[in-house]
Amino acid sequence: METDLFLGFNIHAWITIITVLAMFATLLLTKLRTDLVFLAAIGVLYVTGVLDAKDAFSGFSSTSVIVIGVLFVVVAGLTHTGVLQWIVKNLLGQPSSYGKAVVRLMLPVAALSSFLSNTTVVAMFVGIVKMWSKKLGISPSKLLIPLSYASGMGGVCTLIGTPPNLIISGLYADETGKTMNVLATTIPGLFCLFVGVLSIIAMRKLLPNRKTPESAFEDTSEYTVELLVPSDNPCVGKTLGEAGLFHVNGGSLLEIFHFDEVPTPVTEGEFILGGDRLVYAGQIADILELKNSHGLVSADHHVFSLDEVDSHRQLRTAYVTFGSSLIGSTIAKRSFEKKNNMTLVAVARRGDRIDQSPRDVVLQAGDTLLFECPPRMNVDTDQLSSQLHFFDSDQVVNLDGKTLVSTVIMIAMVVLSALNVMPLLQCAFIAAAAMLVMGCCTPDQAMKSVNWDILMVFACSVVLGVAIQQTGIAERMATGILDVCGTNPLVVMTAICFVGTFLTEFISNTAAGAIFFPIMYEAAEKLGYDPYPFLIALMISVSSSFATPIGSPTHMLVYGPGGYRFSDFMRIGLLMNLIILAANILIVNIVYPLTPLP
């Protein structure tokens, strides 16, 4: 029999606690892949004997994790048939005030996020919201945070809207043998959404008024210099390398246009002809010295714009994602440009172009980069999308009969599950199969849509919850909370939800849900109450991440395009956390009154 060592925890409990804390510290302080960190934590628990093989890998057979994986395929069908694009195009309209704009934006986003991946929905809306805000005369930074918040608040309205709901409901089914209805969180979620929308409108002055990152790139003459080679220039007949026009101070040569106006690949061995136009990017003052040192003259006009340059190259904007390996390094020291056939033209930070050679800028998360690249490059590959998020998309979906088919399939899945005709997992499998059979997506598209990294994190999160429960940590923490908060169930519920809301600002909401499930469940049982309403409140709390941009992947999606600073989220997010927490506790106890256990 294991003996308690300190604070009532045995050796296995302390191994679990230290492993979890080390995992959080690693995620916060390093750039290691999240899925590998979670998997390493599970490996430690297995090797040290905290969990046996069955428990250590139980997450990979968890019903909730399998549902999440299958739903990726369902979402792929909706995406590739243009359902999301149609909704985005037709719902926003032309509101006459900021308050109406917030309502027109947040409600459709929340509705979509109730059934689809929050990240997918926000990614679809970011570019549209930026153009829409320009039409309305509103800074995008006033709308992009509400966009991200709406996706989170909408996600909690159904069990399939956000992974923590599926994880918690799955663990509840394992403990009790009872399944939650797919719409169990709908009424509490809608109430919190209503309160959230009103709060955003009331606190709109706390939202920053930032310049959009690409506004620094609107006038290309500010960062590109186009110089002409006179016919009698002594450089004519030499190569770019021999003439000293390939490597120049403060910038880089992007294109050389010969007399036929067709851009030629830039190499040191390219010969210079009279009348050639050379396009440089970088520090304008340094590049203009070439006029004096090499006898060049200014060209008549600029050929570069944010539209397509020619049939082979164009300018595109992207921002550096959180966790990108580009952070802390310069493009000049990496093979990134050569590997992806891209040339860095300029860098902006929080809406201001950085006035130095772009390839020498030490990059930060959220920096906006302007690239010259092929117009039909694939920006959705796993390797590139993990480094950069492009503002535009090459994928243009034609709306046809399959758009309606995929919509019907999605609605049927939700209805059949909500009416308890069949379990959610079976509904999801049938819906995914129907998407494939009806041609809404191809098998390749379906497989590529499954995010295996995220599934690994979900599975490992479930296992962490098992470890916390089996080692007695949950019971001990529940007892400690009761000692501090007393036996008032509302106080205990509020306390655990408050801590859950705070923790989810720094770790994934899935992990927070899995970790706090056993604590909330144990606390409710010790108080002698049915855990069901406690767990509904927990679902909403662990998805209520408003105060930091790292608290949710959707915050990361809007961070760069909005030109935000880290503190922008805290200024309004801390108040939002408290407001939604209060609304959550109020509505849950109205819809699901606390019931003593028999």
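What share of the 598 residues in the protein do buried residues make up?

1. Buried residues account for 54% of the 598 residues in the protein. Here, buried means under 20% relative accessible area, exposed means over 50%, and partly exposed lies in between, with a 1.4 Å probe and protein chains only.

2. The model is predicted: local features need pLDDT of at least 70, side-chain atom pairs count only at pLDDT 80 or more, and totals for chains, interfaces and linings use all residues. Residues are numbered from 1 along each chain as its sequence is written, and side-chain values use heavy atoms, with hydrogens and water left out.

3. The protein contains 25 helices and 11 strands. These are DSSP runs numbered from the N terminus: helices are H or I with at least four residues, and strands are E with at least two.

4. Among contacts in the protein with a separation of 6 or more, 77% are between residues 24 or more positions apart. Contact means heavy atoms within 4.5 Å.

5. The largest nonpolar core has 142 residues, of which Leu147 and Met413 touch the most other members. Helix H22 (residues 509-527) gives the largest share of this core, 12 residues. Such a core is a set of buried Ala, Val, Leu, Ile, Met, Phe, Trp, Tyr and Cys residues joined through side-chain atoms within 4.5 Å. Neighbours within four places in sequence aside, Met413 is in contact with Leu71, Val74, Ile160, Cys427, Ala428 and Ala431.

6. Rings of Phe, Tyr and Trp (its six-membered ring) pair if their centres lie within 6.5 Å; planes under 30 degrees apart count as stacked, over 60 as edge-to-face and the rest as tilted. The count by this rule is 7 aromatic pairs. The pair Phe57 and Phe60 is tilted because the ring centres are 6.3 Å apart and the planes stand at 35°. Phe57 is partly exposed at 41% relative accessible area, and Phe60 is partly exposed at 38%. The pair Tyr564 and Phe569 is edge-to-face, because the centres are 5.5 Å apart and the planes are at 70°. Tyr564 is buried at 2% relative accessibility, as is Phe569 at 0%.

7. Ring pairs also link Tyr46, Phe57 and Phe60 into a cluster.

8. The charged end of Arg277 sits over the ring of Phe257, 4.9 Å from the ring centre. This term requires NZ of Lys or CZ of Arg within 6 Å of the ring centre and within 35 degrees of the ring normal.
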